[in-house]
Number of protein chains: 2
Amino acid sequence: MDPRPTAPRVPATARDLSSIFAPRSVAVIGASRDPGKVGHAIFRNVLEDFQGVVYPVNPNAPAIRGVRSYPSVLEIPDPLDLAIIIVPAASVRAVLDECGRKGVRGVVIISAGFRESGPAGRRREEEVVAAVQQYGFALVGPNCLGVLNTDPGVRLNATFARAMPAAGNIAFLSQSGALTTAVLDYARARGIGFSKLVSLGNKADVTELDLLAALRDDPRTDVILLYLEELTDGQRFIGLCREITGEIAHPKPILAVKSGRTPAGARAVSSHTGSLAGSDEVYDAVFLQSGVLRVDSVEELFHYAVAFANQPIPSGRRLAIVTNAGGPGIMAADAAVRQGLELAAFAEGTKQALRLALPAEAAIDNPVDVVGDAQHDRYQAALRAVLRDPASDGAIVLLTPQAVTDIEQIAGVVAEEARAAQHHAAQGGGRKPVLASFMGLVDVSGGVRVLEEAHIPHYGFPEDAVRAFAAMTRYAEWVRRPRTEVRVFPVDRGAAVDVVQPAPRGVFVRETLAFRLLEAYGFPLAPWAEAASAEEAVIRASAIGFPVALKVLSPQIIHKVDVGGIRLDLTAPSEVRAAYEEMMADIARRQPAAAVEGVIVQKMMPGVETILGINRDPQFGPILMFGLGGIYVEVFKDVTFRLAPIRELGAQRMVESIKAAQILRGVRGRPPADLDALLECIERLSQLAVDIPQIAELDINPLMVLPAGQGAAVVDARLRLLEETGVRGQGLGVGKSGGTADT
Amino acid sequence: MDPRPTAPRVPATARDLSSIFAPRSVAVIGASRDPGKVGHAIFRNVLEDFQGVVYPVNPNAPAIRGVRSYPSVLEIPDPLDLAIIIVPAASVRAVLDECGRKGVRGVVIISAGFRESGPAGRRREEEVVAAVQQYGFALVGPNCLGVLNTDPGVRLNATFARAMPAAGNIAFLSQSGALTTAVLDYARARGIGFSKLVSLGNKADVTELDLLAALRDDPRTDVILLYLEELTDGQRFIGLCREITGEIAHPKPILAVKSGRTPAGARAVSSHTGSLAGSDEVYDAVFLQSGVLRVDSVEELFHYAVAFANQPIPSGRRLAIVTNAGGPGIMAADAAVRQGLELAAFAEGTKQALRLALPAEAAIDNPVDVVGDAQHDRYQAALRAVLRDPASDGAIVLLTPQAVTDIEQIAGVVAEEARAAQHHAAQGGGRKPVLASFMGLVDVSGGVRVLEEAHIPHYGFPEDAVRAFAAMTRYAEWVRRPRTEVRVFPVDRGAAVDVVQPAPRGVFVRETLAFRLLEAYGFPLAPWAEAASAEEAVIRASAIGFPVALKVLSPQIIHKVDVGGIRLDLTAPSEVRAAYEEMMADIARRQPAAAVEGVIVQKMMPGVETILGINRDPQFGPILMFGLGGIYVEVFKDVTFRLAPIRELGAQRMVESIKAAQILRGVRGRPPADLDALLECIERLSQLAVDIPQIAELDINPLMVLPAGQGAAVVDARLRLLEETGVRGQGLGVGKSGGTADT
């Protein structure tokens with residue numbers, strides 16, 4: 001599957017945030033003379049580096065740090081682009097009015113005491129939103145740490161973090177202000193450079209979506225880091241991130257920590273799909289469909305960011321390892337295998353070059369062990385050989401500080417060979433990242449400095465380097481994935497509307513309605529018919545063909561099995577008749593109050609039992625589920641989720657991603673299942689989910705997938721429609737089959 | 001299941017390694033005047049700290065670093081305990097002879113050029129072994145980095161690592177010398193103290209077992225770290241580690257990195273058990289049965305070691321988190337849930353105390369958020385409250401450096417409250433570890449120093465602190481596990497020997513032999529009989545009871561299904577007769593050359609399909625496997641392994657540890673399975689594996705487990721005996737049912 005060019009999409013115009021990121025003049029409202037106060041720290045930080053003009057605003061101080069202070073922005077004699085507000089929450093609205101009258105375009109509210117702090121705060125935040133609407137501010141916060149831009153023409157540190165980080169190509173958006181301080185401190189010590197940093201706060205106006213659009217267009221940003229606790233709009237997030245990570249001229253990787261992974265509490269859901277689609281699974285789906293690499297910790301965020309910010313993404317997953325010690329080499333190789341990487345199998349010419357350059361006791365297979373007494377010459381020869389080999393996609397260099405190891409020189413040749421590899425790539429080879437782990441801390445520190453200056457990402461432990469390389473390959477595969485579209489099938493939407501419109505809301509509807517809805521959308525159903533008597537059941541069964549099942553039809557009977565309302569594998573008319581009569585007798589005995597309308601007669605279907613489902617998430621819209629049925633879903637929870645709509649490739653990836661996928665490919669003498677039919681069902685389900693927004697939950701369980709070429713068949717389905725109020729003004733057919741979709 | 005005291009075992013006497021660890025005099029043979037040489041570095045290192053006498057030995061130098069040199073150890077006028085040898089490999093044997101004549105007791109050979117470097121090296125290593133036997137040395141190496149002991153009465157740094165680490169209670173044994181240098185460097189920078197450190201090298205004499213026994217008895221060692229590439233003796237390793245980690249008066253945790261996790265290459269095995277028991281799975285079993293915590297990287301090794309070395313192990317897994325920022329608190333809570341920890345649910349009194357001490361906007365549920373402007377008073381009150389709550393088993397303190405955060409004072413109160421908690425514990429409460437993560441690097445460094453000095457383990461990121469806490473709870477659970485014994489069932493060993501003795505070797509034997517072997521060991525078998533004609537099959541089936549299966553008996557037919565040699569679910573005599581005749585016809589057509597001896601008639605059994613197996617590992621002896629049969633073993637590889645023999649608790653843990661265990665407990669309306677019967681089968685299999693060492697591979701597949709109270713039934717079994725040469729002198733019955741065993 002070669003990458004093929006896609007039609008470029010017109011990028012949505014980003015909102016103008018220039019007043020936030022590149023103001024010419026800034027007022028710090030609530031600037032303080034007291035060095036222990038945030039209002040002092042922020043003014044000091046802006047003053048220290050800012051390339052424009054900064055005005056302290058404080059009615060009680062003539063000057064702050066020697067700079068003339070103003071009692072109000074209205075007194076500032078010059079035009080003002082940006083206001084940083086640190087006054088108590090109760091005074092913010094008045095300050096905003098002054099800013100509005102002053103013609104300020106950008107506002108950052110540091111102050112807390114808004115939505116996060118109860119009803120009074122919530123009202124104050126509503127006032128902030130009203131001021132935004134009134135004056136047209138771009139407003140960051142409230143309840144945030146501030147914003148920071150290292151652009152040499154701006155150099156704005158409007159945060160209370162203690163020092164400006166180095167300029168770099170990494171942007172960081174964080175929903176936790178506190179975390180931002182730690183991150184800045186960590187980055188400063190590690191020499192990690194940022195382009196921009198924004199603490200999102202309560203997102204009263206500017207959201208992660210506005211900022212992502214701005215970062216998409218920011219030539220100083222190559223890598224975007226996110227720390228999120230929730231998303232503003234899942235579908236727009238997916239659309240924008242897909243564009244940034246894969247569709248623009250120079251795609252930018254996005255790495256995200258989404259905290260709050262603990263399982264969602266008890267929720268009022270009764271379908272499989274609903275009960276399994278915890279918020280974390282939905283976020284996993286969102287990130288997967290966005291091309292965003294989800295990571296588990298801030299540490300990983302940095303480890304990966306440093307790799308992406310400094311090295312090219314590889315063309316494949318074939319890693320070369322060069323080491324001066326066996327143990328770390330093995331550990332790196334183990335980690336590589338665990339991460340799904342391959343150890344590059346070197347060409348004979350490469351091995352010959354290694355044999356010539358290295359002593360007899362060296363290992364010339366991957367990992368290449370240049371042996372404990374190696375100095376820079378051996379490292380250089382080995383690294384050059386493995387990087388020039390077309391069988392490798394990148395290299396990790398490991399070093400342990402031995403008696404004669406010339407650590408800084410080795411760092412120098414690593415940098416040199418990494419550069420040479422990029423030069424080589426420019427002449428037609430693939431681009432090959434080089435990462436390093438010089439183990440230890442004190443002895444290797446000089447070498448580490450040389451590496452960092454040369455933009456060779458360095459990791460304290462080999463496993464971290466390997467994980468970073470693996471993250472790069474995952475992103476590379478995302479960028480190079482084949483682009484597919486959302487297939488739109490001809491369906492009978494009118495018939496579907498006719499089913500849904502009069503159906504009861506908020507409860508599971510009778511199975512026959514679910515069947516008719518699925519038929520309207522072109523799903524293959526196991527042949528079925530209704531029958532109101534034993535005689536009719538026999539006639540229907542004979543028409544359908546044996547073996548058949550009987551399932552009782554009664555609005556009062558929820559758990560059919562418990563009352564004897566299901567009979568399977570009936571192979572002859574006499575069995576059907578007997579089963580019908582027994583069933584009615586059983587039900588009359590076990591649930592005498594149930595009004596029985598008859599039965600569904602349905603053909604028994606062989607094949608692999610799968611489950612497909614829709615669950616409508618209040619925030620993200622329809623979620624699709626796929627898994628193998630029965631034990632697999634119930635015990636192993638071996639299911640996967642995506643937001644609808646889903647593209648062709650997305651449906652394929654769903655099927656491939658479950659652990660039991662092998663069963664569909666045929667095991668234990670079973671023939672391979674009809675994957676084309678299964679994929680079509682998943683894609684039709686996506687279309688249905690988008691088209692009919694009244695669907696709250698739908699389980700197709702099971703969908704029997706027959707052997708290849710023989711199709712699939714819906715055997716059972718449970719459908720619940722949203723309460724009338726749940727549709728929230730969405731008329732029928734407002735869905736958008738062709739919108740944002742998966743891979 | 002409360003812990004119950006076990007009869008103390010008589011600890012095996014450790015080998016005397018005092019000449020290695022606590023010599024009064026040391027000769028450095030091959031000491032060099034050249035500062036670039038290892039022979040110089042080691043002499044310098046010994047000289048610098050050693051509390052005894054050190055003699056350089058070098059025939060070509062009158063003195064090294066001002067110390068009089070001797071041409072040979074024989075010239076040294078005083079008694080000599082330990083010789084460190086750095087001369088070229090070819091000269092080592094001569095030097096050893098001189099050491100022997102001198103009466104040296106301990107030897108460390110640093111020099112490489114032995115077993116690791118081809119046939120000539122291997123011969124040289126044999127000479128070293130011969131010298132050990134001749135002179136009775138305790139010998140470490142060759143091809144190692146050396147040994148190190150920080151005991152203030154000794155202070156021996158006989159390594160070429162650049163500086164002596166701090167004294168501490170952690171011992172480190174490493175099979176990678178190079179890694180040792182990195183580890184020392186890392187530890188030095190982090191202020192991590194060691195008791196002893198040994199680079200194992202080629203293990204020509206002293207092995208990890210000798211050293212573990214010495215460390216067991218070493219009062220200066222509380223935590224043992226291992227880096228291993230292979231084990232010398234799995235069974236002895238298990239026995240010794242179980243003793244150290246759980247049976248001695250003050251058990252010591254052992255943490256191990258075992259590298260070489262990549263899957264074993266193609267191996268000549270044909271059973272399920274054999275094909276699934278890769279070396280890594282076997283090592284997992286060894287570590288599990290040893291009480292050794294296996295970790296994936298040197299970084300984890302350190303993270304956990306610091307926790308174990310400085311804090312008590314907790315009584316349970318209920319973690320309290322105190323933070324000054326929401327984001328990191330959520331991240332820690334997420335990590336805790338992922339690690340199987342619980343968030344402590346505080347008592348009302350605790351919440352009341354927190355309400356009193358903290359501002360209104362603080363979060364008083366776990367994680368406790370003391371809010372961004374918190375200073376040490378709030379941290380102290382919060383930490384005290386959560387540590388005093390009986391609902392918590394320990395705490396993690398998180399800090400982000402905010403504007404007013406008094407970081408060092410906070411570190412101080414964390415230390416104070418951790419100490420108070422230990423004091424509290426001494427008065428009857430449980431012991432509660434306190435770990436910390438002060439995020440960032442520069443700003444928090446002062447606080448981190450305070451923490452480290454107070455023995456509060458510190459981690460750069462919250463997740464690492466959580467993982468360390470989780471490792472402590474895992475170890476705590478190991479120490480407190482109920483002790484069980486290996487059950488010995490009355491079996492008919494004579495009958496088993498009669499089956500095995502005359503059976504063919506190296507091939508799969510006929511099923512009837514496997515059945516008889518299992519019957520001799522008291523396994524329940526699905527009722528079965530042989531039949532040589534259709535008529536006889538009908539008679540047997542009627543005696544057994546319907547439904548039955550027929551399986552062809554023919555030594556030439558390996559894959560019975562492929563030739564129509566299996567007929568299932570036969571419910572009447574007529575069906576048996578017809579099936580027999582069809583089967584014979586099919587086989588005559590499909591495999592006419594096969595000599596057919598008749599069929600096995602076997603009762604069809606309901607129940608849950610499980611698989612049990614034995615695979616004899618050349619190094620570790622019999623390995624037991626358990627899993628659910630069919631798809632579960634083939635697709636999900638949902639199986640678990642243990643070395644035989646296995647104790648009662650070990651068998652339980654095997655059953656509990658598979659993902660599909662829930663199926664045995666009853667799902668989808670199925671009754672719970674007869675776990676007692678299953679456990680007894682696993683334990684009988686263990687006894688069989690130990691008693692009959694000729695078994696190379698045995699699969700019981702399936703063992704049908706019936707509903708609770710109804711037992712289990714072996715349906716199929718495949719048995720292969722070792723080639724005659726494979727038994728290597730082990731007579732029948734040399735197994736040791738009561739020996740080393742699992743949990």
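Here are legends for a few close-up views of this predicted model.

Residues count from 1 along each chain as its sequence is written, and chains are lettered from A in the order in which they are written. Since the model is predicted, local features need pLDDT of at least 70 and side-chain atom pairs count only at pLDDT 80 or more, while totals for chains, interfaces and linings use all residues.

**View 1. Where chain B meets chain A.** Here 62 residues of chain B are in contact with 62 residues of chain A (contact: C-beta atoms, placed from the backbone, within 7 Å). The biggest share on chain B's side, nine residues, comes from α11(B) (helices are DSSP runs of H or I, at least four residues, and strands runs of E, at least two, numbered from the N terminus). The copies meet through the same surface, because 100% of the interface residues of chain B are also interface residues in chain A.

**View 2. Helix α20 of chain B.** This helix covers residues 573–590 and reaches 25 Å from its first C-alpha to its last, close to the 26 Å expected at 1.5 Å a residue (expected span: 1.5 Å times one less than the number of residues).

View 3. Val576(B), Ala579(B), Tyr580(B), Met583(B) and Ile587(B) are buried (buried: 20 or more other C-beta atoms within 10 Å of a residue's own; exposed: 12 or fewer; partly exposed in between; C-beta atoms are placed from the backbone). On the face turned away sit the exposed Ser574(B), Ala585(B), Ala588(B) and Arg589(B).

Technical notes
Contact = placed C-beta atoms within 7 Å.
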